[in-house]
Amino acid sequence: MRRALTPMATARRPARGTRLLACLILLAGVLIGAPAYAIDPTEMPDPVLQQRYLALTHELRCVQCQNEAIADSPAGIASDLRREVRDMLLAGKSDDDVRNFMLARYGDFVLFRPRFARKTAWLWLAPGVLLLVGAFVSWRIVRARIALVPGDNEPLEEDVGR
Amino acid sequence: MNRFALPAAVFALLVVVLAIGIKHSPDKGIIASPLIGKPAPQFSLPSLTDASRTVSSTSLRGRWYLLNVWGSWCGSCREEHGMLLEVRRSGVVPVIGLDWKDDDAQALSWLTQLGNPYEVVAVDHDGRTAIDWGVYAAPESFLVNPQGIVVYKCMGELTRQVWEKEILSRLPKQQQTAKS
């Protein structure tokens, strides 16, 4: 039996090698990815709280690492801040209570989604203002181009006449 | 030439805006503390050297103090230690330690080895008081006035330059030369 199968097995060998490679790549991916899952093992008692907890920890910036949310950061301060979020939610505080708590201590920078305040107004208004500027500029260009086209009915009439 | 005037102006404006952005970039590691000009956060913590004693924000009221956040695990704290000892010797302003998420035994041996610049050290094991102060990386130092208002925050190492330019200048004249 084995003998009979040998040619087929030989034929499959490269495929097996590829499969092995694929497995190794997958394994590497899992190993590299594992710490990301291990960062925050916190589990809230009910799914609604869990959802709010996840949303909040993803929108609060780790002030030490600065370009990571506290949910993704292994820094000590991030885990301390996650603990504060958890405890406040368990104590029945609202999402805004949590945001204001962080804001009072770490300033606007702690929020990945900035609030609307005098200091941050330009962040919110600039895109709209730029859009208006862009619209105005294109309107001007279009109008200038229209003015360049001579009265366009006459040649048509000439055509008809011919 | 005229048709380039507007794009050039817009470009110049963009350069200015981006330059401001880069200059204020938090990548320089400094996040302006929202605490400046506001009352110092309340706290009440055990003392490192005498566990029966508590150090509280109310007991610190009525005089200037410098709250220094440190930990024996913190490398830059070692760098600034000499300056803190010098501040202590000058007697200009008391330095209050906030030992952040540290091991008591290690903190005590740190003080025995390097000298103790602190009038008293409050122990913050769980890091909650540090969060109230908006601490995110040791060392940090806060200058608090007798009314309990945070006047200045030094992020990172307290250097001689910071001491002379930022802290001494904020203290009242008669205190700047105090020797005790």
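Predicted model: local features only at pLDDT ≥ 70, side-chain atom pairs only at ≥ 80, totals over all residues.

Biologist: OK, which residues of H3(B) are the buried ones?

Modeller: Cys77(B), Glu80(B), His81(B), Leu84(B) and Val87(B).

Biologist: And where does H3(B) bend?

Modeller: At His81(B), by about 40 degrees.

Biologist: What follows H3(B)?

Modeller: Gly91(B), which has a positive phi, near 70 degrees.

Biologist: Switching to strands. Is E6(B) mostly covered or mostly open?

Modeller: Mostly covered: E6(B) spans residues 140-144, and five of its five residues are buried.

Biologist: Which way do the E6(B) residues point?

Modeller: Glu140(B), Phe142(B) and Val144(B) point one way, while Ser141(B) and Leu143(B) point the other way. In general, side chains in a regular strand alternate between the two faces of the sheet.

Biologist: What does E6(B) pair with?

Modeller: One partner is strand E3 of chain B, residues 65-70, which runs antiparallel to E6(B) and is joined to it by five bridges. There, Tyr65(B) sits opposite Val144(B). Another is strand E7 of chain B, residues 150-155, again antiparallel and over five bridges.

Biologist: Which residue of E7(B) is the bridge partner of Glu140(B)?

Modeller: That's Met155(B).

Biologist: How many residues lie between the strands in the hairpin of E6(B) and E7(B)?

Modeller: Five, and in that hairpin Gly148(B) takes a positive phi near 80 degrees.

Biologist: Now the other chain. How many residues of chain B are in contact with chain A?

Modeller: Twelve, and they meet 13 residues of chain A. The chain B side is made up of seven nonpolar, three polar and two charged residues.

Biologist: How is chain A divided?

Modeller: Into domain 1, covering 42-110, and domain 2, covering 116-150. The C-alpha centres of these two domains of chain A are 38 Å apart.

Biologist: Last thing, what confidence scores come with it?

Modeller: For chain B the mean pLDDT is 91, with 94% of its residues at 70 or more. For the complex, the predictor gives an ipTM of 0.84 and a pTM of 0.76.

Conventions. Residues numbered from 1 in each chain as written. Chains lettered and ligands numbered in written order. Buried ≥ 20, exposed ≤ 12 C-beta atoms within 10 Å, placed from the backbone. Helix = DSSP H or I, 4+ residues; strand = E, 2+ residues; numbered from the N terminus. Pairing = 2+ DSSP bridges. Contact = placed C-beta atoms within 7 Å. Nonpolar A, V, L, I, M, F, W, Y, C, P; charged D, E, K, R; others polar. Bend = angle between axes of the 7 residues up to and from the residue. Domains from an automatic or database assignment. pLDDT = per-residue confidence, 0-100.
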